Amino acid sequence: MRALQKAVPVAPPVRRSAGPTDGEAGVLVVDDDVERGAGLVAVLAAEGWAARLTRSVASPANLDPDVVVVALQGKVSAPLVAELLRSDPRLAVLVVASDLDAAALGLGAGAHDFVTLPVEATALGLRVRHLVDVMFHQRRQEHERRLVGEERLRGVAAGRGQLVGVGPAMRPVHELVRRVSSSDVAVLVQGESGTGKEQVARAIHEGGRRRHAPLVVVNCSALPPAQLEARFFGEHPRPSEGADADVAPTRGLFLQADQGTLFLDEVGALPPEMQAALVRTLQEKKARPLGGDVDLPFDVRLICGTHRDLEPQLAQGLFRHDLHTMVNVVTITLPALRFRGNDVIELAHHFLARFVERDGRTPLGLSPAVVDRLLAYHWPGNVRELENSLERAAALAQSDRVTLDDLHERIRSHRLEDVVVAEAEADIVSLDVLEERYIRRVLKLLGGNKSKAADLLGLDRRTLHRRLEKYDADRAEKSSSS
Ligand SMILES: Nc1ncnc2c1ncn2[C@@H]1O[C@H](COP(=O)(O)OP(=O)(O)OP(=O)(O)O)[C@@H](O)[C@H]1O
Ligand SMILES: [Mg+2]
């Protein structure tokens with residue numbers, strides 16, 4: 001998984017008795033190597049899962065698992081994955097693969113995740129945990145959908161730090177948030193404007209032991225440089241303000257966040273002097289208010305946010321390496337909303353439910369045409385733009401569902417074709433190239449969901465696979481001949 005490259009202290013796996021996964025999640029291991037299979041079952045059992053082993057699956061329905069771990073020798077896992085999902089599309093399937101090629105085959109056949117051999121126990125536990133979370137989440141939604149009808153959904157009261165959207169693009173984010181929550185490791189959250197950097201900081205804060213202490217949020221680019229030190233470290237009132245020596249200093253951000261979490265958004269905007277002061281303060285874990293001579297200790301977990309890649313700033317000496325090392329022990333990269341596929345619709349329902357509840361109205365759904373538009377639009381302002389658009393739409397809606405009329409013109413009229421159409425002679429490409437671009441774009445938009453892409457493109461799934469393979473082969477051939 002892309003975002004898991006850094007070593008992070010691993011949270012103890014949450015047992016199946018916790019959270020929304022309460023209940024009967026069972027894991028079936030299919031392995032034709034009995035010794036290895038027994039090892040996998042032992043690992044899963046040690047993580048608290050009810051795991052069973054079978055050498056082959058004649059009829060998975062009889063065994064009724066929730067998660068199937070497919071670990072067959074060589075490359076024969078893929079057909080079984082496809083067969084399992086055909087028999088029960090609600091299964092979560094994880095492939096244990098000998099190498100990345102085998103993993104790709106498994107994923108191509110519809111598997112949700114993979115681990116490679118040799119299997120690392122904690123990784124396997126975490127992946128299964130994640131699959132179970134995602135699966136229960138989906139089932140809960142299905143259940144709600146059935147209860148309230150396809151158009152009116154959700155309204156589940158959620159914690160403020162809830163991260164809505166569990167599609168493939170967001171999976172590494174969820175996994176990292178869970179892993180870092182229980183420690184104090186410094187996290188840098190990177191993502192375009194409005195992607196939910198503060199929301200991630202909140203999720204980490206609420207998921208850990210500091211949740212009952214304050215989360216203090218500061219946007220570094222909004223603070224006037226002259227006030228930075230006073231804001232961060234506090235300040236003794238000046239004599240001219242009529243204060244005597246006994247008056248307590250104002251509490252700086254570090255003290256305000258004591259025992260809790262300090263989220264510094266747009267940390268890249270801090271001027272060099274302030275960066276140096278921060279390094280000192282973070283090392284000593286003490287802040288000295290301006291005009292004072294006593295250092296005040298604090299205990300704060302630091303999370304930083306940035307909408308831009310800090311590397312160029314580092315290279316130009318505009319961001320200190322030592323500060324970067326301190327704040328960036330783990331990076332969480334938030335995907336832009338346009339890459340999150342169906343999460344857009346889930347977020348839309350989430351926001352609608354919130355506005356409806358806030359305004360004491362009856363539930364609101366989305367018309368199918370609105371769903372289409374929301375999926376097609378490219379959301380340059382990301383989740384914030386979606387939230388604002390739905391607030392507007394909810395206010396304008398005249399029935400029990402949001403219709404096209406309630407959407408802003410820019411969303412209503414945005415067309416995917418606009419993005420690929422040539423505007424100048426130099427833009428013109430062959431139909432083959434256009435086809436590849438379009439297919440790749442659709443896949444991106446759907447968060448890599450090939451079955452859905454094939455469906456929407458009117459292609460057979462195997463045809464889509466063959467075309468993608470052909471594009472890769474063409475590219476490889478071109479690069480080897482050039
Ligand atoms: N995954 C999510 N689930 C639910 N709400 C979200 C999610 N992501 C973002 N939001 C909401 O969207 C809005 C924008 O998110 P947030 O302020 O965290 O973004 P940001 O990346 O910090 O933005 P900026 O770059 O403008 O500072 C907030 O109201 C937040 O609560
Ligand atoms: Mg922010």
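Predicted model: local features only at pLDDT ≥ 70, side-chain atom pairs only at ≥ 80, totals over all residues.

Visitor: Ligand first. Which of the 17 residues around ligand 1 come nearest?
Guide: Val 164, Lys 197, Gln 199, Arg 384 and Glu 387 come nearest, out of 17 residues around ligand 1.

Visitor: How far is the polar side-chain atom of Ser 193 from an oxygen atom of ligand 1?
Guide: It is 3.4 Å for that pair.

Visitor: And which backbone N or O atoms lie by an oxygen atom of ligand 1?
Guide: Among them are one from Thr 195 and one from Gly 196. The Thr 195 atom lies 3.3 Å from a ligand oxygen. For Gly 196 the distance is 3.0 Å.

Visitor: Lys 197 is in that nearest set. Which helix covers residues 197-206?
Guide: That is α7. Its axis comes within 8 Å of the axis of α6, residues 171-181, and the two cross at roughly 40°. That makes α6 oblique to α7.

Visitor: What is the handedness of the crossing of α6 and α7?
Guide: Right-handed.

Visitor: Which residues meet there, α6 against α7?
Guide: From α6, Val 173, Val 177, Val 180 and Ser 181. From α7, Val 200, Ala 203 and Ile 204. By class, this contact has 6 nonpolar residues, 1 polar and no charged.

Visitor: Why would residues three or four places apart point the same way?
Guide: An α-helix has 3.6 residues a turn, so residues with that spacing point the same way.

Visitor: Next pair. How do α13 and α14 cross?
Guide: At roughly 120°, with the axes coming within 9 Å. α13 spans residues 343-358 and α14 spans 368-376. They are therefore oblique to each other. The crossing is right-handed.

Visitor: What does α13 bring to α14?
Guide: Val 344, Ile 345 and Ala 348. They meet Val 371, Leu 374 and Leu 375 of α14. The contact counts 6 nonpolar residues, no polar and no charged.

Visitor: Now α18 and α19. At what angle do the axes cross?
Guide: Roughly 130°, and the axes come within 9 Å. The helices are residues 431-445 and 450-457, respectively. That makes α18 oblique to α19. This crossing is right-handed.

Visitor: Who is in the contact between α18 and α19?
Guide: Tyr 438, Ile 439, Val 442 and Leu 443 on the α18 side. Lys 450, Ala 453 and Leu 457 on the α19 side.

Visitor: What happens at the start of α19?
Guide: A side-chain oxygen of Asn 449 reaches to within 3.2 Å of the backbone nitrogen of Ser 451.

Visitor: And what follows α19?
Guide: Gly 458. The phi of Gly 458 is positive, near 70°.

Visitor: Which residue has a positive phi although it is not a glycine?
Guide: Gln 259 has one, with phi of about 75°. Gln 259 is in the loop between α9 (253-256) and β10 (261-265).

Visitor: Is the peptide bond from Leu 117 to Pro 118 cis or trans?
Guide: Cis, with omega near -5°.

Visitor: Where does Pro 118 sit?
Guide: In the loop between β5 (113-116) and α5 (121-148).

Methods:
Residues numbered from 1 in each chain as written. Chains lettered and ligands numbered in written order. Heavy atoms only, no water. Axes fitted to C-alpha atoms, helices over the stretch in contact; angles between N-to-C directions. Helix = DSSP H or I, 4+ residues; strand = E, 2+ residues; numbered from the N terminus. Parallel < 35°, antiparallel > 145°, perpendicular 65-115°, else oblique. Left-handed = near helix turned anticlockwise from the far one by under 90°. Contact = heavy atoms within 4.5 Å. Near = heavy atom within 4 Å. Polar contact = N/O pair within 3.5 Å; in protein donor to acceptor, adjacent residues only side chain to side chain. Nonpolar A, V, L, I, M, F, W, Y, C, P; charged D, E, K, R; others polar.
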